[in-house]
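Please look through the structure below before reading on.

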Amino acid sequence: MTPTPAPLHPSIADLKKLIHSEARRVTSYDVASAAGVSQSAVSRCFKPGASVSKATFARVMQAAAELDYTPNAAARSLITRRSNLIAVVLSDIVTLHYPQILSELSRQFGQQGMRVLLFSLAREGDIGATLADVWQHQVDGAVLAATLSAAQAAEFERRRIPFVLFNRTLGERKVNAVVCDQVEGARLLVSRLAAAGHTCFAMIDGPHDSAIAQDRKRGVAGRLAELGLAAPLIVSGDYDYASGGRGLREIIAGLGRVPDAVMCGNDIMAIGCLDTARHDLGLDVPGQLSVTGFDGMAPAAWLSYNLTTLRQPVQTMTLAASAMLTGLIRTSTDYPGRRVFSATVVEGATARLGPGV
């Protein structure tokens, strides 16, 4: 009788027994053996965008499922010389008010087989200490919603780690960045308020270490000067609710009167200012006082507020940042690029606005 030929590759049951007896993890070589393909074919099946036939992919996935195989990211990084980790550095304010930034970045990088490491800053000025942690994780790239110094940017370049600034710039130095034109947005809002007859302006500013706050303040002051109107009375804020109410009281005390318009550095401060004006001081908004914000965050549109503000295209900017950084990593290019987006005026119910240009 002719003997039955031995199988070309071991059965799943035999492999499981072998792995158990050796007290080790399932490897890609085990999956390759069970599926009857090469180890490189298994690697391609778990690499997003890699070329592999449907039949091979099906055999590998079935073998992987039966063996309970999970790809080893650390081992793969030794082969590819990439960690597939992206550092995302956000201030607590950005994380709190724009959770969609982190969510969208995670989704976009995940589709490319990369994972996000979040580094959160209490204030933008804390980034120096945080960068030491970023270097330790051997990230492939970084998205930074925080202000870098020229020396810190140079350190990224020295380490050959591409980065994209999110809504930040680095002065005259050319770096990869995705930004909303804060200055132009502020100028547009001032123009609309002035066209409605406002002449006495005040502003509740953001933190001194926020580049966005400084750009918005510069836009407001510059446009008022061009229009021949008095410079705004500016008080400091921390981008929180309490700053809005406190700032309004400081403004009224400083001017000795209620101004025509208070422009707040973000929507949260504008909501605090609005609540104080209406409920504590009994002011008519917008009849007696116009209140505006910046950002266009979700609560600003709630019926209780219906805030007049500037909306940034955050989702579009996030998509652009992830695409830009992925391209930098894939091509290893260091040519700096910059994408600039415009804010749009949200004509809410808290300010009197003149016609747009």
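Glu155 is partly exposed, with 21% of relative accessible area, on a scale where buried means under 20%, exposed over 50% and partly exposed in between, for a 1.4 Å probe and protein chains only. This is a predicted model, in which local features need pLDDT of at least 70 and side-chain atom pairs count only at pLDDT 80 or more, while totals for chains, interfaces and linings use all residues. Residues are numbered from 1 along each chain as its sequence is written, and side-chain values use heavy atoms, with hydrogens and water left out.

**Salt bridges**

- The structure holds 13 salt bridges, the term standing for a side-chain nitrogen of Lys or Arg within 4 Å of a carboxyl oxygen of Asp or Glu.
- Another salt bridge joins the side chains of Glu184 and Arg187, with 3.8 Å from N to O; both residues lie in helix 10 (residues 182-195), 3 residues apart, or about one turn of the helix. Here helices are DSSP runs of H or I with at least four residues, strands are runs of E with at least two, and both are numbered from the N terminus.
- Glu184 is partly exposed with a relative accessible area of 45%, and Arg187 is also partly exposed, at 21%.
- Glu184 and Arg187 belong, together with Arg223 and Glu226, to a network linked by salt bridges.
- The side chains of Arg192 and Glu347 form a salt bridge at 2.7 Å, N to O, and this pair links distant parts of the chain, since Arg192 is in helix 10 while Glu347 is in the segment after strand 12 (344-346), 155 residues apart.
- Within that pair, Arg192 is buried with a relative accessible area of 9%, whereas Glu347 is exposed at 56%.

**A buried charge without a salt bridge**

- Asp267, which has its place in helix 13 (residues 267-280), is buried yet has no salt bridge, and the nearest side chain of opposite charge, that of Arg216, is 7.4 Å away; Lys and Arg count as positive and Asp and Glu as negative, while His and the chain ends are not counted.
- The side chain of Asp267 does reach the backbone nitrogen of Met297, at 2.9 Å.
- Apart from neighbours within four places in sequence, Asp267 is in contact with several residues, among them Gly293, Phe294, Ala300, Leu307 and Thr309, where contact means heavy atoms within 4.5 Å.

**A buried glycine**

- Gly219 lies in helix 11 (residues 211-226) and is buried, with a relative accessible area of 0%.
- Leaving out neighbours within four places in sequence, Gly219 has contacts with Val183, Ala186 and Arg187.
- Between the C-alpha atoms of Gly219 and Leu189, which are 30 residues apart along the chain, the separation is 9.5 Å.

**Helix packing**

- Helix 7 (residues 99-110) and helix 14 (residues 314-331) pack at an angle of about 35°, with their axes 9 Å apart; axes are lines fitted to C-alpha atoms, for helices over the stretch in contact, and angles run from 0 to 180 degrees between N-to-C directions.
- Residues that meet across this pair include Gln100, Ile101 and Leu105 in helix 7, and Val314, Leu319 and Leu325 in helix 14.

Note on methods
Polar contact = N/O pair within 3.5 Å; in protein donor to acceptor, adjacent residues only side chain to side chain.
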